[in-house]
Structure formats: C-alpha cells, structure tokens
Amino acid sequence: MPSHDTRLPLSRRGFLLASTGAAAALALAPAPAHAGARRPFGRFGSPAARLTPQTLYVDPKGRGDHTTVKDAVTAATGSGWTLVLAPGTYRETVAVDATRTEATWIGASEEPRDVVIVYDNAAGTPKPGGGTYGTTGSATTTVQADGFTARWITFANDWLRADHPGITGTQAVAIKVQGDRSAFHHCRFLGHQDTLYADSIALASFARQYFSHCYAEGDVDFVFGRATAVYENCHFRTLNRTDLAAAPYGFVFAPSTAGANPRGYLVTRSRVSSEAPDAFYKLARPWVPSSDTTARPSLVVRDTWLGPGIDAAAPYTNMSDAFPWQNQRFAEYRDTGPGARITVPENRPQLTAEQAESATRAAYLGDWKPWQGEC
C-alpha cells in the first residue's frame, strides 16, 4: 500500500512479554506456565498417537515432529496436511505456497493467546541481499494455497516505528492471505499498520475468505486487500497514538476490490472498539492501488456495533482524491453504537432492506460454507 504516516508510537498492549525491545512493546503473551505441561497437543493426539498419517506436531520444546512452523510446512508437501501447534511463541516467517492446498493449522490449547507466530519485518526493512521487503514481503505469515484453515492461533508483526525512526516504509503485515476458501476461526491478528492483508493471488482471482470470532487490532488500514472476505462475530480494535495531536489517527478497513468483483468485504455481527479518543478513527477508506486503477473498493458493514472511536459524522475518507470514497461501494445496514449515529446522512450510505438480502455470508461465499462443522 502507499506509505502512510511514517512515525507511530508504541501502543499499549493487553499482554506481557518477558524480553526487551520491539517485541516487549508488542507484549505478546507467553503461554501460561501450566499450558501444555503434560499434554502439549491437547486433545489433538501426539507423534505417538497421530490423528491421521498427515498430521504433524510442532513444539518449540522438542516434543513434536518439528520445533518450528516453517520446518513443518516444508515437510508437509502436497495437499491435506494438518499442523498441530503446541503452546509457545514461534518467532519466524512462514510461507504456505500454492501447492500446499487444504492445509489446517490448529492451536493445540484452543486458546489463541497461547500459540503466537510473530516476526518483525516492515516494508522498509533492509533485506540481506539488498533492497527492502516491501509491504508483501513484510508479512510474518503468507498463505497462497487454497483451502487453508486456522483455528486458535495468533498471527502478529511486532515491528514498531518508534524503534526504527529512519525507516519510512512502515507497513508491517502480520498475515497475507491470498488463497481461495481460506478460513480463520478464533484467531488473533496483531500489528499496527496493515495488520491483516486479505488479498488474492492475482487481479482476476476473486479469493473467498472467512473470519469467524476473530480479533484484529491496528491503526492504519489494518484490514485491507482485494479478497471477497466475510468477517462474522469479529472484534476490531483501534490503537491509541500519542504522536498525533489531532484526528484522524487511522482507518480500520482499506479494501481494494477489483472492479469486476461484485463483492468485497462484508462485516457482520461484529464490533469496533478503540483505545483512542472519541471520533479519532475513520471506519474505512478505499485503496485503489497503482497496479489496478480500475479497482472499485467494496465494503458493507451491517448489524455491527461501532464504538465512540469511530467518527460518526464522517466515517469515510479518501486515500487519494483521484478516487473519492463516494464513487466506491461503501454501505452500512442496521449498525448500532455511538459510532453508527447518522448525523450527516450523505456521509453514511445505507443499504435498503432489499439490498441487504444480498449482503450475507452465503451470497458472498457461494457454495463454500466454512461456518458449518467445528468453528
């Protein structure tokens, strides 16, 4: 994405970290002392009692098949593998390429705070061979394969601008998801700018993604990309900033939906809260990337509670004046909360009841029903 604000402060986090520096500021929770003490893989078997022949067990303490997620992904060639992750902090970057389809990752404790995949690259971080990583390359986890499912895992990027004042490329992605039929249940996505990159593998590919009972936090465009993505029963939290004296502090959503794609982001039965002062955040702004100037960003927020951190009078703004938000596909329906108050009607486009009948998870995801079965 375009470079936004170049200096952002450390945020308050609700968790603790024993180490120092940037990682400490992110405050990712270590696993509780009791977690996995005797059964690191919970009810999901073990190397001695595999759920299936295609189940691999990952444990940083060496009680599994592998000690890193990356090594387990490398071993899991082809389709249909399950990775069971024991409690721990996995400090590494991980990529699931397009050949590793129908993969499932499970946090063994069934508590996402216990299983954390985290790294600290930013778009402007120098690469060992020269150049910088760029927004896509900054991702801690990248998923290109179709049919990926994750449960009870935290995906994080703990790069902090205050620790790197000389770097202007401050996008730092926790996860980039490009595959079709990608589902996340009870997962957390932690970062600041560009936290959750819900995208597709190519401009003409309309990847479908589903996020259920998930938590995402950040400050600038922290849920963004061109996927057809449904966020159901999710919690989005905007972080405080002490380096700015005035609003806006940032933006929750920045979809970049292809013009040919009839459906972009759908947020339903969710909530948006904030650490920042009232009305210091915008709900969304459209991202029309230079690689696709025909994009028409699409976002529907319905049946969702918007807290006072959202600017109710002007919840949308432009990323570029050449592509005003009013020309895009932004709408709301039956939202509640102080951030949803309609005080300036022209700034709050609303769906009609008839239009809302097509703004459902089934309409967005078609024959794929990831909410069925264990979620």
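Strand β25 gives the most to the lining of the largest pocket, with 3 residues. Before I go further, please keep in mind that this is a predicted model.

What else lines that pocket? The lining consists of Pro262, Arg263, Ser298, Val300, Arg329, Phe330, Ala331, Leu351, Gln355, Ser358, Ala359 and Tyr364. Sorted by class, the lining has 7 nonpolar, 3 polar and 2 charged residues. As for volume, the largest pocket comes to about 190 Å³.

Next, the salt bridges. How many does the structure hold? The count is 19 salt bridges. Side chains of opposite charge can pair when their charged atoms come close.

Are the two partners buried or exposed? Asp158 is buried, with a relative accessible area of 1%. Arg91 is partly exposed, at a relative accessible area of 38%.

Then there is Asp180 with Arg208, a salt bridge whose closest N and O atoms are 2.9 Å apart. Asp180 belongs to the loop between β10 and β11 (182-185) and Arg208 to strand β14 (residues 208-212), so parts 28 residues apart in sequence are tied together by the pair. Here both Asp180 and Arg208 are buried.

The next pair is Asp221 and Arg285, whose side chains meet in a salt bridge at 2.9 Å, N to O. This pair links distant parts of the chain, with Asp221 in strand β16 (residues 220-225) and Arg285 in the loop between β22 (281-284) and β23, 64 residues apart. Asp221 and Arg285 are both buried.

Now the network: Lys176, Asp199 and Arg226 are linked by salt bridges.

That leaves the two individual residues. Strand β16, which holds Asp221, also contains Val223. Why do I call Val223 buried? Its relative accessibility is 0%, and the cut-off for buried is under 20%. What does Val223 touch? Leaving out residues up to four places away in sequence, Val223 touches Leu196, Ala216, Tyr231, Phe236, Val252, Phe253, Ala254 and Tyr265. Val223 and Gln193 are 30 residues apart in sequence, and their C-alpha atoms are 8.9 Å apart in space.

The other residue is His235, in strand β18 (residues 235-238). At 15% relative accessibility, His235 also counts as buried, because the cut-off is under 20%. Setting aside neighbours within four places in sequence, His235 is in contact with Cys214, Tyr215, Ala216, Arg271 and Ser273. Which side chain makes a polar contact with the side chain of His235? That is Arg271, at 3.3 Å.

That is what I have. I am happy to go back to any of the pairs.

Terms used
Residues numbered from 1 in each chain as written. Predicted model: local features only at pLDDT ≥ 70, side-chain atom pairs only at ≥ 80, totals over all residues. Heavy atoms only, no water. Helix = DSSP H or I, 4+ residues; strand = E, 2+ residues; numbered from the N terminus. Buried < 20%, exposed > 50% of the residue type's maximum accessible area, 1.4 Å probe, protein only. Polar contact = N/O pair within 3.5 Å; in protein donor to acceptor, adjacent residues only side chain to side chain. Contact = heavy atoms within 4.5 Å. 1 Å grid on protein atoms, 1.4 Å probe; cavity = no way out; pocket = protein on both sides within 12 Å on 5 of 7 lines; lining within 4 Å. Points joined across faces, edges and corners; volume = space filled by probe spheres on them. Nonpolar A, V, L, I, M, F, W, Y, C, P; charged D, E, K, R; others polar. Salt bridge = Lys/Arg side-chain N within 4 Å of Asp/Glu carboxyl O.
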